[in-house]
Amino acid sequence: MQKNAALFPLTPALLAALSDEQQESVDALILRYSQCVSMMQDQLFRGIAYLEQEDISDKSNRDKTLLMEKLGAIKSAEDFGTAAMLRNKISHHYPEETIDRMERLNLVKDEADFVVTCFGDISDYLVRKGLVMIDVKHQTTF
């Protein structure tokens, strides 16, 4: 985010004038954002459910997200759902949809901040529940 902060908010003119390096950086931001949301849904939520002895084998991503809110691992299932929807929309972009793509990219900045906050919330939850320990002296989790 810090590397791309000066580019936001994107405008049609700015989007069209991005250098190859800037475009690669924006693409990397999109990829990292998508991977973070997916990792939270597919790995962290599953791991928390397992530790909490919750069966999620037949649950949709929405149901898993609602469970995480109920357990207190995340603050808002609705907000996380918005982040996941954005992830889905930006993964299916088409060159002729420049304005739609630009609007979605502008949303990534705010949603990326939300996703980072969610990671912190999940970390706090795991510590609070005694599922992980933090070595304050060395700033490590185990």
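## The two sides of helix 3

The face of helix 3 that is turned away from its buried side carries the exposed residues Arg-62 and Lys-70, where exposed means over 50% relative accessible area, buried under 20% and partly exposed in between, with a 1.4 Å probe and protein chains only. Helix 3 itself covers residues 61–71, and within this helix Lys-64, Thr-65, Leu-67 and Met-68 are buried. Seen down the helix axis, these buried residues of helix 3 fall within an arc of 160°, so they line one face of the helix; the arc is that of the directions from the helix axis to the C-beta atoms. As background, an α-helix has 3.6 residues a turn, so residues three or four places apart point the same way.

The partners of the buried residues of helix 3 are helix 2 (20–51) and helix 4 (77–90), against which these residues pack. Just after helix 3, Gly-72 takes a positive phi of about 95°.

## Basis of the model

This is a predicted model, in which local features need pLDDT of at least 70 and side-chain atom pairs count only at pLDDT 80 or more, while totals for chains, interfaces and linings use all residues. Residues are numbered from 1 along each chain as its sequence is written, and side-chain values use heavy atoms, with hydrogens and water left out.

## The chain as a whole

The chain holds five helices and two strands, which follow one another along the sequence in the pattern α-α-α-α-α-β-β. Helices (H or I, at least four residues) and strands (E, at least two) are DSSP runs, numbered from the N terminus. Taken along the principal axes, the C-alpha atoms of the chain fill a box of roughly 50 × 40 × 20 Å.

Of the 142 residues of the chain, 34% count as buried. The accessible surface of the chain comes to about 9,100 Å², and 53% of this surface belongs to carbon and sulfur atoms; accessible areas come from the Shrake-Rupley method with a 1.4 Å probe, and for residues only the protein chains shown count as cover. Among contacts between residues at least 6 apart in sequence, 59% join residues at least 24 apart, a contact being defined by heavy atoms within 4.5 Å.

Rings of Phe, Tyr and Trp (its six-membered ring) pair if their centres lie within 6.5 Å, and planes under 30 degrees apart count as stacked, over 60 as edge-to-face and the rest as tilted. By this rule the count comes to one aromatic pair. The pair is formed by Phe-45 and Phe-80 and is tilted, with 5.1 Å centre to centre and 50° between the planes. Phe-45 lies in helix 2 and Phe-80 in helix 4, so the pair ties together parts that are 35 residues apart in sequence. Phe-45 counts as buried, at 0% relative accessibility, and Phe-80 likewise counts as buried, at 0%.

Phe-114 is found in helix 5 and is buried, with a relative accessible area of 19%. Leaving aside its neighbours within four places in sequence, Phe-114 is in contact with Ser-76, Asp-79, Phe-80 and Ala-83. Between Phe-114 and Phe-80, which are 34 residues apart in sequence, the C-alpha to C-alpha distance is 8.2 Å.

When neighbours within four places in sequence are left aside, Asp-121 is in contact with Ala-73 and Lys-75.

## Backbone features outside the helices

Most residues other than glycine have a negative phi, and most peptide bonds are trans. Against this background, a cis peptide bond joins Phe-8 and Pro-9, with omega at about 0°, and Pro-9 is found in the segment before helix 1 (12–16).

Gln-53 has a phi near 60°, a positive value in a residue other than glycine. The place of Gln-53 is in the loop between helix 2 and helix 3, and at 74% relative accessibility Gln-53 counts as exposed.
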